[in-house]
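Subject: Structure handover

Hello,

Here is the structure I said I would pass on to you. Please open it next to this message and follow the notes below.

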Amino acid sequence: MKPLAVTAFTTTNPAGVGNAATLSALRAGRTGLEPNTLEWAPIPCWVGAVPAAHRIRLPASLADYDCVNTRLALLALEQDGFLDAVARARNRVGAGRVGVFLGTTTSGIRSTEQAYARRAADGSLPADFRYDTCHNMDSTTEFVRRALGVSGPSLTVSTACSSSAKVFATAEQYLRAGLVDAAVVGGVDTLCLTTLYGFNSLQLVAEDVCRPYDAQRKGLTIGEAGGFALLEEQGGALQLLGYGETCDAHHMSTPHPEGAGARLAMSAALEAAGLEATAIDYVNLHGTASPANDIAEGRAVHALFGDRVPCSSTKGITGHTLGAAGITEAAIALLALQAGFRPGSPTTRTVDPATLCRIEVAGADAKLERVMSNSFGFGGNNCSLIFGKAA
């Protein structure tokens, strides 16, 4: 594929609000995760929250969209000059030529959970509950489109934890087809009863902080995050070089034991970028810290890259931000390229030798030209992205 310029990007996650705070946490190996103190979800586990999002107030013109998801979306949009970057693109190509493509798993479902807690005696939901602008899967995407003042094509991708990685692929297809001249991609997901109790019921949530690829790993830590990137045909020092999407459909919630679909996604990304595996300098793993995921992904990465390529999972720093995991880790990959720093897996203590691939626990300065970011979701929805420096 023809490389696309990443002319702006930003991430807001439990480790930091904006790129600088996130990079600082990555360099320090500092986790943004904490023991769970949510009164409305008293599960013995750790979580990754973004408290600053709760202090955000939406403009009056967008008040109907007010929920925890859109507050986090707006907080993220306001970081790293992203609003200005989109405004420049909008002024250059026209509002109707800027598309918005976002990923999420549950959108603003927390607003529905809160509405159910306030049901009337006859079971009716409160009058101020707005499903269409808060919980609907397209509501955050529409909010972002309106907040940015653009009117090009927009859509929401919901493929579990690969959602906001797959939007890069969708945007590339729209750009290649000539339907847009610039594309805002990203994703937002927030803590809610549905995911906390849902993953807990699957026995996938660890009581301790998550420890990806650790021999004693017990499961994941759920976090919330929002992030965005602006893709254009030209400009910028960083590029999307390739992507690969597959669906192995092995099981509803368990990956193929050998990571067959994951390996195909990584291979497809390399093929799209016109690169050999030897061209990749670092792989940001999906690395959820669930026993099945880490074994399968580790084997798939090892089968393709052997022991040469340093790998790490940054979920011990940000948590598993589900539908926002793809954009969070894409932003981390871009930060790694920009800063010349390879993140580590700071909550990992003893690497499980059965995972095979080369896990680097400690972060380090490194000469990085091309990095891969993996995002794999339930049902075998797999997406691998390759980013690099512009030639």
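Two strands count as paired if DSSP finds at least two bridges between them. With that in hand, look at Gly48: its bridge partner in strand E8 is Gly223. Please keep in mind that the model is predicted.

Gly48 belongs to strand E4 (residues 46-48), which runs parallel to E8 and is joined to E8 by two bridges. These two strands are part of an open sheet of three strands, ordered E3-E4-E8, with mixed pairing. Strand E3 (34-35) and strand E8 (222-223) are at the edges and have a single partner strand each, so one side of each has no neighbour in the sheet. As background, strands of a sheet pair through backbone hydrogen bonds, and the pairing is either parallel or antiparallel.

The chain as a whole

There are twelve helices and 16 strands in the chain. The radius of gyration is 19 Å, close to the 21 Å that the globule rule gives for 391 residues, so the chain is as compact as a globular protein of that length. Along the principal axes, the C-alpha atoms fill a box of roughly 60 × 50 × 40 Å. Of the 391 residues, 60% are buried. Among contacts with a separation of 6 or more, 80% are between residues 24 or more positions apart. The accessible surface is about 14,400 Å², and carbon and sulfur atoms hold 51% of that surface.

Strand E16 and its partners

Strand E16 (residues 381-389) is mostly covered, with eight of its nine residues buried. Strand E10 is antiparallel to E16 and joined to E16 by nine bridges. Strand E15 (residues 370-377) is also antiparallel to E16, through eight bridges. Which residues stand opposite Cys383 of E16? Glu245 is one of them, and Ser375 is another. E15 and E16 make a hairpin with three residues between them, and Gly379 in the turn has a positive phi of about 80 degrees.

Gly236 sits in the loop between strand E9 (225-232) and strand E10 (238-247). Leaving out residues up to four places away in sequence, Gly236 touches Val6, Thr7 and Ala390. Gly236 and Leu4 are 232 residues apart along the chain, yet their C-alpha atoms are separated by 9.4 Å.

Helix H6

Is helix H6 (residues 139-148) largely enclosed or largely open? Eight of its ten residues are buried, so H6 is largely enclosed by the rest of the structure. The buried residues include Phe143, Val144 and Leu148, and also Glu142 and Arg145.

Most residues other than glycine have a negative phi. Asp80 is not a glycine, but its phi is positive, at about 60 degrees. Asp80 lies in the loop between helix H2 (68-77) and helix H3 (82-93). Its relative accessibility is 39%, so Asp80 counts as partly exposed. Ala289, also not a glycine, has a positive phi near 85 degrees. Ala289 is in the loop between strand E11 (282-284) and helix H10 (291-305). With a relative accessible area of 0%, Ala289 is buried.

Regards

Terms used: Residues numbered from 1 in each chain as written. Predicted model: local features only at pLDDT ≥ 70, side-chain atom pairs only at ≥ 80, totals over all residues. Heavy atoms only, no water. Helix = DSSP H or I, 4+ residues; strand = E, 2+ residues; numbered from the N terminus. Rg over C-alpha atoms; globule rule 2.2 N^0.38 Å. Buried < 20%, exposed > 50% of the residue type's maximum accessible area, 1.4 Å probe, protein only. Contact = heavy atoms within 4.5 Å. Areas by Shrake-Rupley, 256 points an atom, 1.4 Å probe, with all protein chains shown as cover.
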